[in-house]
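Biologist: I am new to this structure. Please take one part, the charged side-chain pairs and their surroundings, and walk me through it closely.

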Amino acid sequence: MPEAGFSRATLGLGGNLDNPVRAMALALRTLDARDDCRVAAVSRVYRTPPWGKTDQSFFYNSCAAIDTTLPPEALLDVCLNIEREMKRVRLERWGPRTIDIDVLTYGDIEQVEPLLTIPHPRMTERGFVLMPLADFAADLLVKGRAVKDWLGAVDVQGIEIADENRDWWRSV
């Protein structure tokens with residue numbers, strides 16, 4: 001559990017251009033270096049088939065728990081700034097990318113806002129999010145149901161572990 005003054009958020013990270021594992025590691029180290037964010041847990045790295053737009057390279061995905069003093073929208077802004085610094089360009093929906101950082105959950109907050117919906121509106125449909133999230137938050141309730149239960153109901157075909165080491169983000 002996060003210490004007083006901090007809230008626990010979960011993030012989904014992924015990419016399929018250049019060196020996505022290095023990009024995810026740099027994003028996590030950037031967050032962890034901030035005074036208002038601490039990386040509390042990180043999943044293994046998964047290699048996943050493209051979703052939505054399937055005529056592109058496989059993705060690498062992971063999830064992380066972040067303890068933060070930032071409110072949800074400010075955390076999203078920090079994540080978007082990291083994406084921009086890493087030259088993320090949004091040309092097409094579900095298209096190739098160097099890095100993608102999504103705020104999946106933030107404490108017990110449920111909100112539907114123009115800039116940020118929590119929990120992430122499609123996270124319970126995506127094996128590439130639920131599988132890494134279950135590495136450290138299998139019992140986390142999302143929309144009244146545990147992550148492990150959502151995971152049991154989605155297609156995970158083609159998703160494979162690319163790195164078993166949960167400290168991969170510290171050394172890449």
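Modeller: A salt bridge here is a side-chain nitrogen of Lys or Arg within 4 Å of a carboxyl oxygen of Asp or Glu. Keep in mind that this is a predicted model. By that rule, the count comes to seven salt bridges.

Start with the network. Salt bridges link Arg44, Asp135 and Glu164. Asp135 is one of the buried residues of helix 3. That helix covers residues 127–137, and ten of its eleven residues are buried, so helix 3 is largely enclosed by the rest of the structure. Besides Asp135, its buried residues include Phe128, Leu130, Met131, Leu133 and Ala137.

What lies over them? The cover on the buried residues of helix 3 includes strand 1, strand 3 (45–48), strand 4, strand 5 and helix 4 (147–151).

Take strand 1 from that cover. It spans residues 7–15, and seven of its nine residues are buried, so strand 1 too is largely enclosed by the rest of the structure. Strand 1 pairs with strand 4 (residues 59–68) through nine bridges, and the two run antiparallel. Within that pairing, Gly15 has Tyr60 as its bridge partner in strand 4. Strand 1 also runs antiparallel to strand 5 (residues 100–106), joined by six bridges. There, Gly14 stands opposite Asp100.

Now strand 3, another part of that cover. A salt bridge joins Arg47 to Glu160, with the closest N and O atoms 3.6 Å apart. This pair links distant parts of the chain: Arg47 sits in strand 3, Glu160 in strand 10 (residues 160–163), and 113 residues separate them. Arg47 has 26% relative accessibility, so it counts as partly exposed. Glu160, at 40%, also counts as partly exposed.

Two other pairs remain to look at. Arg34 and Asp36 meet through their side chains in a salt bridge, 2.8 Å from N to O. Arg34 is partly exposed, at 32% relative accessibility. Asp36 has 17% relative accessibility, so it counts as buried; the cut-off for buried is under 20%.

The last pair is Asp167 and Arg170, a salt bridge whose closest N and O atoms are 3.5 Å apart. Asp167 counts as partly exposed, at 43% relative accessibility. Arg170 comes to 51% and counts as exposed, since exposed means over 50%.

Notes. Residues numbered from 1 in each chain as written. Predicted model: local features only at pLDDT ≥ 70, side-chain atom pairs only at ≥ 80, totals over all residues. Heavy atoms only, no water. Buried < 20%, exposed > 50% of the residue type's maximum accessible area, 1.4 Å probe, protein only. Helix = DSSP H or I, 4+ residues; strand = E, 2+ residues; numbered from the N terminus. Pairing = 2+ DSSP bridges. Contact = heavy atoms within 4.5 Å.
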